Amino acid sequence: MTGPALVAFANRLPVVAGRGGLRPAAGGLVTALRPALEQHRGAWVGWDGGVEGLPPRLQGLDLDLLPVSLTRREVADYYHGFANRTLWPLLHGWVEPPVFDAGWWRGYCAVNERFAAAELPDGDDAVLWVHDYHLMLLPALLRERCPGRPIGFFLHTPFPSAELWRRLPWRAPLVEGLLGADVVSFQTEEYRDHFLRSCRRSLVGVRVEEAAVVTPDGRRVLAEVHPISIDARDFVARARGPAVERVLQPLRRQFEGRRVLLGVDRLDYTKGILERLRAIELLLERRPELRRDLAFVQIAVPTRGEVREYASLRRQVEELVGRINGRFTEPGRDVPLHYLYRGVPGDRLLAYYRLADVCLVTPLRDGMNLVAKEYVTVQGAEGGAGVLVLSEFTGAAAELAGALTCNPWDVEGLADAIAASLDLAEDYRRGRIADMATSVDEHDVFWWVNQQLSALEQSRE
């Protein structure tokens with residue numbers, strides 16, 4: 001049997017262990033990578049999450065699983081430390097101050113080397129496709145091990161300005177690691193341009209020629225813009241299915257007579273949840289008539305609870321939700337804010353997308369944000385007339401021209417944007433949603449992966 005045509009390297013395998021055993025994981029990265037790998041006879045190299053005895057294949061995943069085992073110390077230094085407390089806040093523009101710890105850096109280097117040493121499938125023609133900030137050293141390590149293979153890297157997060165990047169003590173080896181790829185891809189032109197400027201300022205002997213970096217040994221590395229997307233047709237099919245309809249009906253009864261605003265995020269300080277809640281509070285304060293008319297549902301998926309900043313954020317969010325509901329809930333009536341600190345099953349999430357009159361996607365900074373694309377796709381599937389209120393600091397804002405854009409740092413302006421979304425004419429809303437849904441369908445996840453593979457072919461001609 002021939003080996004896979006595409007081998008992806010990402011922080012963690014798309015598998016979770018629960019009471020019923022192992023099952024495919026959810027999440028933005030899995031949503032994007034899974035259909036691409038299944039289409040291209042793929043394999044996934046990733047941390048096993050501490051699960052012993054993972055099978056090479058899992059029911060419901062049509063791809064090979066290639067696990068990497070890590071010690072607790074390695075997870076603490078590489079993942080909780082350098083990846084999430086150094087790189088994550090730095091890449092998102094210093095939303096939270098990064099921590100620079102040499103021990104974490106050494107752990108990050110060691111784990112990238114562990115990924116480079118992973119047992120790969122037979123065959124020497126598979127594309128090696130590295131993903132995200134956890135593995136920025138890996139392209140160069142793979143080039144040493146597999147010099148003849150095509151290597152791509154895709155950064156799912158933003159890339160910061162050269163001025164911020166230069167503050168990182170280990171900026172030079174990270175850029176050298178990325179330049180081990182044939183193609184380094186980003187969500188937007190802005191992020192790509194930041195990277196090119198950082199190459200000039202981080203390394204001696206490199207040249208930047210338009211959208212390519214020429215290394216001291218003469219290799220030409222392409223820097224591309226390939227915005228990530230979703231499997232739009234799958235979302236449409238599932239949104240129209242009977243399982244979603246069964247969930248939707250009781251939700252419609254629960255919120256009957258009110259307009260529903262929706263937020264769907266991981267509980268992360270980059271997502272602007274606190275600012276969004278303050279904007280809702282200001283709106284209800286200014287317009288008392290909306291206190292009975294509106295219901296805001298915030299789904300906050302738990303993440304990185306071991307990191308101090310995230311535990312603090314959870315406390316702040318829950319206190320603010322309690323304060324707003326305490327201020328504006330009238331006797332005998334439902335609360336205006338429904339806060340769900342948990343993930344929700346796929347059918348229920350699609351039902352919320354169909355239900356919501358307005359979806360608030362308002363991160364302080366985000367690489368893309370696939371919730372925006374999921375919402376407009378599901379709304380468009382049923383001829384919906386929802387409104388997408390979208391942060392200008394997301395990659396999605398460069399693509400979804402029909403959204404009502406906002407600056408989430410400006411709480412008063414965000415409150416005004418939410419108010420404006422409630423006053424738009426229905427036909428206008430429906431037309432904007434339809435246009436955005438068409439755009440997502442034309443530039444879906446399969447278009448994204450084909451762009452990546454075509455760029456790799458071009459780089460090797």
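## Helices α6 and α7

At what angle do the axes of α6 and helix α7 cross, and within what distance do they come? In this predicted model, the two axes cross at roughly 120 degrees and come within 10 Å. Angles from 65 to 115 degrees count as roughly perpendicular, and α6 and α7 are therefore oblique to each other. Their crossing is left-handed.

On the α6 side, the contact is made by R171, A172, V175 and L178. Helix α7, which covers residues 189–202, contributes F195, C199 and S202. Sorted by class, the residues in the contact of α6 with α7 are 5 nonpolar, 1 polar and 1 charged.

## Helices α1 and α16

Two packed helices are described by the angle between their axes and the distance between the axes. For helix α1 (residues 28–39) and helix α16 (residues 445–459), the axes come within 9 Å and cross at roughly 65 degrees. That angle makes α1 roughly perpendicular to α16. The crossing of α1 and α16 is right-handed.

Helix α1 makes the contact through A32, L33, P35, A36 and Q39, and α16 through V445, F446, W448 and V449. The contact of α1 with α16 has 8 nonpolar residues, 1 polar residue and no charged residues.

## Aromatic pairs

How many aromatic pairs does a search of the whole structure find? The search finds 16. One of them is formed by F82 and W170, with 5.6 Å from centre to centre and 70 degrees between the planes. Planes over 60 degrees apart count as edge-to-face, and the pair of F82 and W170 is edge-to-face.

F82 lies in helix α2 (residues 72–91), while W170 is in the loop between α5 (162–165) and α6 (171–178). The pair therefore ties together parts that are 88 residues apart in sequence. Are these two residues buried or exposed? F82 has a relative accessible area of 0% and is buried. W170 also counts as buried, at 14% relative accessibility.

A pair formed by W129 and W448 is tilted, with 5.1 Å from centre to centre and 40 degrees between the planes. This pair links distant parts of the chain: W129 is in strand β6 (residues 127–131) and W448 in helix α16, 319 residues apart. Both W129 and W448 are buried. W448 is also one of the α16 residues in the contact with α1.

## An aromatic cluster

Which residues do ring pairs link into a cluster? The cluster consists of Y78, F82, W105, Y108 and W170. Among them are F82 and W170, the edge-to-face pair described above.

Definitions and conventions
Residues numbered from 1 in each chain as written. Predicted model: local features only at pLDDT ≥ 70, side-chain atom pairs only at ≥ 80, totals over all residues. Heavy atoms only, no water. Axes fitted to C-alpha atoms, helices over the stretch in contact; angles between N-to-C directions. Helix = DSSP H or I, 4+ residues; strand = E, 2+ residues; numbered from the N terminus. Parallel < 35°, antiparallel > 145°, perpendicular 65-115°, else oblique. Left-handed = near helix turned anticlockwise from the far one by under 90°. Contact = heavy atoms within 4.5 Å. Nonpolar A, V, L, I, M, F, W, Y, C, P; charged D, E, K, R; others polar. Phe/Tyr/Trp six-rings, centres within 6.5 Å; stacked < 30°, edge-to-face > 60°. Buried < 20%, exposed > 50% of the residue type's maximum accessible area, 1.4 Å probe, protein only.
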